[in-house]
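Let's take a look at the aromatic rings in this one. Have the 3D view open as you read.

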Amino acid sequence: MEFARSDIDVLILWDIDHTLIETRGVGRAAFAAAFEQVTGRELEQMPHVTGRTEPDIYAATAALHQIATPPPFSVFADALAHAYLQRQDQLRDQGRVMPGAAQALASLTALPGMHQSVLTGNTRTVARMKLETFGLHQHLNLTIGAYGDDNGHRPALVALAQQRAHSAGAGTFDSRTTVLIGDSPADIETAHRGGARVIAVAAGGTPTADLAAADTVLPDLRDPEALATAIRRVR
């Protein structure tokens with residue numbers, strides 16, 4: 001039987017890109033600049049990036065350009081952070097917060113037992129920069145989040161975030177009390193393989209039919225009550 005609970009703590013892990021924000025081309029430009037800086041090669045093509053971690057994307061991009069031994073990811077990560085910093089004003093002007101995202105974060109902050117952070121393929125530095133650019137960081141405890149530079153295998157990030165939340169005194173979280181909110185089939189796979197429930201938001205461009213494996217599918221984040229109900233649903 002499925003029922004709503006309001007007396008339990010929940011760890012909410014937000015995906016960032018196409019769930020909370022869109023960079024609208026700024027992210028690709030930053031990646032291209034960093035890639036050229038560290039490899040000396042102009043970016044000619046990129047792999048499919050949705051739902052992947054930055055280390056994975058970097059390695060795949062190097063392979064597409066036939067770079068057998070690219071510089072270490074840490075070097076690329078530093079260059080990528082600098083490229084985003086240079087484009088922060090452009091990101092603010094050209095990017096956008098997804099519909100309802102700011103209100104959803106604020107409404108969940110006001111509810112008891114909700115511990116909000118992120119699970120993202122972005123590096124920690126870039127994730128913080130993206131969220132701070134749009135003022136979304138104030139609703140999130142980024143110290144208990146999990147990031148692409150923590151582990152290139154995204155499902156492993158679920159357990160890492162759970163461990164960090166527990167170490168920070170937020171509680172003990174398992175597959176019932178951890179909820180990943182994302183926009184793609186890769187987010188659904190991350191949650192299922194990592195040990196979390198998953199709410200899929202269709203506003204990021206993925207057809208709703210492709211998100212059917214999620215525990216809940218929402219059209220967007222404009223209904224905070226529907227979101228809170230889905231989060232509190234315990235199997």
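Rings of Phe, Tyr and Trp (its six-membered ring) pair here if their centres lie within 6.5 Å; planes under 30 degrees apart count as stacked, over 60 as edge-to-face and the rest as tilted.

A word on the ground rules. This is a predicted model, where local features need pLDDT of at least 70 and side-chain atom pairs count only at pLDDT 80 or more, while totals for chains, interfaces and linings use all residues. Residues are numbered from 1 along each chain as its sequence is written, and side-chain values use heavy atoms, with hydrogens and water left out.

Searching the whole structure turns up six aromatic pairs. Two of them, both involving Tyr58, are set out here.

| Pair | Centre to centre | Angle between planes | Class |
|---|---|---|---|
| Phe35 and Tyr58 | 6.5 Å | 75° | edge-to-face |
| Tyr58 and Phe73 | 6.1 Å | 55° | tilted |

Phe35 sits in helix 1 (residues 26–39) and Tyr58 in helix 2 (residues 54–64), so-called by DSSP runs (H or I, at least four residues) numbered from the N terminus. That pair is 23 residues apart and links distant parts of the chain. The Tyr58 and Phe73 pair also links distant parts, from helix 2 to helix 3 (residues 73–86), 15 residues apart.

Methods. Helices (H or I, at least four residues) and strands (E, at least two) are DSSP runs, numbered from the N terminus.
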